[in-house]
Amino acid sequence: MVIDKTRMNHVSAIKKYIEAIIDADDMHALIIEGDAGWGKTTSVEEALRLSRIEAFNLGAYSTPLNFYNFLAEHSDGIILLDDCAGIFNDPSAMAILKAATWPSRGNKRLVKWGSTSSKAATDEFEFFGKLIVVCNSFPKTADGEAIKSRGYTRKINITLTEAKKLLMEAASQKRWYPKTKLAVEVADFLLGHVTESSLSQISFRTLKKGYRLAEVHPDSWQELFADTLPKTSMNPESLVKELSAQGLKVKDQARIFSEKTGLKVRSFYNYRKDAKISRSKDL
């Protein structure tokens, strides 16, 4: 049997995970982790739409009491916790999250409010729902690992190749970029500046910033945009080798090398010669 090792796209995978936890008696959470700006929230929202599932979004900020009351109000619903890092930093909130995913007395997920200083909607309730957590990084604590053990974790790690494909696809979407030709030009410019070392600082938001500059300043956006992009930490020789491996035309490699290092094009060809890179290696 031949196994297809092609990675399933994130929306399809998230949709399948959601469907799995909804039907499960012992899996109650889906955790989506990954760098900011690469569409975690969009992927989850699209997966929910395709599954025709309504989720209740807690919002970006919540106190433990607000979190507790929100779960009590939607005790049999699908709860979306998006960008709720504040919950992770609060032991009380993490205890509530664990109780909502971890059965206790009589194999029930009982959530209690232990404080007498704040008035909760109820002292105790049974949670029947499921939780979808979207975050950059989930806590690697005992409570965090317990929550993970009662669900699935999907990491959205974007490779350099995937990033370039996604940026160009996004630029071609007219609903996001009415001037698609300009957006593609900005994306192409951005692709010339993305490296493995700078990838963690690049996202869809970076493309939007460049597009906005290009709209407002059509004659100078390249210079303005380049100044906002992360500078590569590569030495010139490493950059020459990376550019060659990307399969770009030599003249384009020279241009990008000069932009990133501030060195003359002549230096680019000298580094190529020292690295023994021939034109055949660029093909």
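Colleague: Before we look at details, what average pLDDT does the protein chain have?

Modeller: This is a predicted model, and pLDDT is the predictor's confidence in each residue, on a scale from 0 to 100. Of the residues, 93% score at least 70, and the protein chain averages a pLDDT of 85.

Colleague: Which helix supplies the largest share of the lining of the largest pocket?

Modeller: The largest pocket holds about 1200 Å³ of space, and 37 residues line it, with W38, G39, S43, L166 and F204 lying nearest its centre. Among the elements that each supply at least two lining residues are α1, α2, β6 and α9. The lining consists of 15 nonpolar, 11 polar and 11 charged residues. The largest share, six residues, comes from α7.

Colleague: Is S43 buried or exposed, and what is its relative accessible area?

Modeller: S43 is found in helix α2, and, leaving aside neighbours within four places in sequence, it is in contact with H10, V11 and I14. A residue counts as buried when its relative accessible area is under 20%. S43 is therefore buried, with a relative accessible area of 11%.

Colleague: Which helix gives the largest share of the lining of the second largest pocket?

Modeller: The second largest pocket holds about 250 Å³ of space, and of the 13 residues lining it, D188, L191, G192, R255 and I256 are the closest to its centre. Helices α8, α10 and α12 each supply at least two residues of this lining, which by class has five nonpolar, three polar and five charged residues. The largest share, four residues, comes from α8.

Colleague: How far apart are the end C-alpha atoms of helix α12?

Modeller: Helix α12 runs over residues 250–261, and its 12 residues, at 1.5 Å a residue, should span 16 Å. The model agrees with this expectation, because the end C-alpha atoms are apart by 16 Å.

Colleague: Against which helices do the buried residues of α12 pack?

Modeller: The buried residues of α12 are V250, Q253, A254, I256, F257 and K260. An α-helix has 3.6 residues a turn, so residues three or four places apart point the same way. The helices against which the buried residues of α12 pack are α11 and α13.

How values were computed. Residues are numbered from 1 along each chain as its sequence is written. This is a predicted model: local features need pLDDT of at least 70, side-chain atom pairs count only at pLDDT 80 or more; totals for chains, interfaces and linings use all residues. Side-chain values use heavy atoms; hydrogens and water are left out. The expected span of a helix is 1.5 Å times one less than its number of residues. Buried means under 20% relative accessible area, exposed over 50%, partly exposed in between (1.4 Å probe, protein chains only). Contact means heavy atoms within 4.5 Å. On a 1 Å grid over the protein atoms alone, a cavity is a set of points where a 1.4 Å probe fits but cannot get out, and a pocket is an open set with protein on both sides within 12 Å along at least five of seven lines; lining residues have an atom within 4 Å of a point. Grid points are joined across faces, edges and corners, and a volume is the space filled by probe spheres set on the points. Ala, Val, Leu, Ile, Met, Phe, Trp, Tyr, Cys and Pro count as nonpolar, Asp, Glu, Lys and Arg as charged, and the others, Gly among them, as polar.
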